[in-house]
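Please examine the sequence and the structure shown below.

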Amino acid sequence: RYLLDVGLFDERFFMYYEDTDMAWRGRARGWRYRYVPDAVVRHLHAATSVEGSALFHHFVERNRLVMLTKNAPWRLAAGAVGRFVLSTGSYARRDVVRPVLRGRRPTTGLVRARVRSFAAYLRMLPRVLPDRRRLRAGQVVPDEAITGWSVAR
């Protein structure tokens, strides 16, 4: 019943945050999750991309923004996008602008990677926004009941 109601993993995520997306969709539809102390799950974190690699960071950054845009209240999603843009600007100031002004060679790797992740997020928006409208219209649980357990205040 759960998968018929909530759907499967969204393959557009490819890796990272597809499970969070599915859990959010389920909670929004009224499903509840329980902790079962005797349950055992084996999971090799970052087995596909190696934690800390460029591939890992790309998909984690892009997919976090996609997942929030798809599921979260606008204020939460827009805040995450805004913080991403502002922090990328701060890294650009630190790693590119400041060294250039001091006559040193800039380091552009982090900024370029973040810009690529953000550009990938923007390319996904036209396909994610219709899903957002559909999911938000079918939500039966108030936002506070979902974000209360997942977002630090």
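The side chain of Asn 63 reaches the backbone oxygen of Met 15 at 2.6 Å. This is a polar contact, that is, a pair of N or O atoms within 3.5 Å; within protein, one must be able to donate a hydrogen and the other to accept it, and residues adjacent in sequence count only if both atoms are side-chain atoms. The model is a predicted one, in which local features need pLDDT of at least 70 and side-chain atom pairs count only at pLDDT 80 or more, while totals for chains, interfaces and linings use all residues. Residues are numbered from 1 along each chain as its sequence is written, and side-chain values use heavy atoms, with hydrogens and water left out.

**Asn 63 and helix α3**

- Asn 63 lies in helix α3; helices (H or I, at least four residues) and strands (E, at least two) are DSSP runs, numbered from the N terminus.
- With a relative accessible area of 0%, Asn 63 is buried; buried means under 20% relative accessible area, exposed over 50%, and partly exposed in between (1.4 Å probe, protein chains only).
- Not counting residues up to four places away in sequence, Asn 63 touches Phe 13, Met 15, Tyr 16 and Tyr 17, where contact means heavy atoms within 4.5 Å.
- Helix α3 is mostly covered, since 13 of its 18 residues are buried.
- The end C-alpha atoms of α3 are 26 Å apart, which agrees with the span of 26 Å that its 18 residues should have at 1.5 Å a residue; the expected span is 1.5 Å times one less than the number of residues.

**Nonpolar cores**

- A nonpolar core is a set of buried Ala, Val, Leu, Ile, Met, Phe, Trp, Tyr and Cys residues joined through side-chain atoms within 4.5 Å.
- The largest such core has 19 residues, and those with the most contacts inside it are Trp 24, Leu 65, Val 66, Leu 68, Phe 118 and Tyr 121.
- Two or more residues of this core come from each of α2, α3 (54-71), α4 (74-101) and α5 (109-137), and α5 gives the largest share, five residues.
- A second, separate core of five residues includes Tyr 16, Phe 56, Phe 59 and Val 60.
- Leaving aside neighbours within four places in sequence, Leu 68 is in contact with Trp 24, Leu 76, Ala 77, Ala 80 and Arg 132.

**Aromatic pairs**

- Rings of Phe, Tyr and Trp (its six-membered ring) pair if their centres lie within 6.5 Å; planes under 30 degrees apart count as stacked, over 60 as edge-to-face and the rest as tilted.
- By this rule there are six aromatic pairs.
- One of them, Tyr 2 with Trp 31, is edge-to-face, at 5.1 Å centre to centre and 75° between the planes.
- Tyr 2 lies in helix α1 (residues 2-6) and Trp 31 in the loop between α2 and α3, so this pair ties together parts that are 29 residues apart in sequence.
- The pair of Phe 14 and Phe 59 is tilted, because the ring centres are 5.3 Å apart and the planes lie at 50°.
- Phe 14 is exposed at 58% relative accessibility, whereas Phe 59 is buried, with a relative accessible area of 11%.

**Charges over rings**

- A charge sits over a ring if NZ of Lys or CZ of Arg is within 6 Å of the ring centre and within 35 degrees of the ring normal.
- The charged end of Arg 132 sits over the ring of Trp 74, 3.8 Å from its centre.
- The charged end of Arg 114 is placed over the ring of Phe 84, 4.0 Å from its centre.
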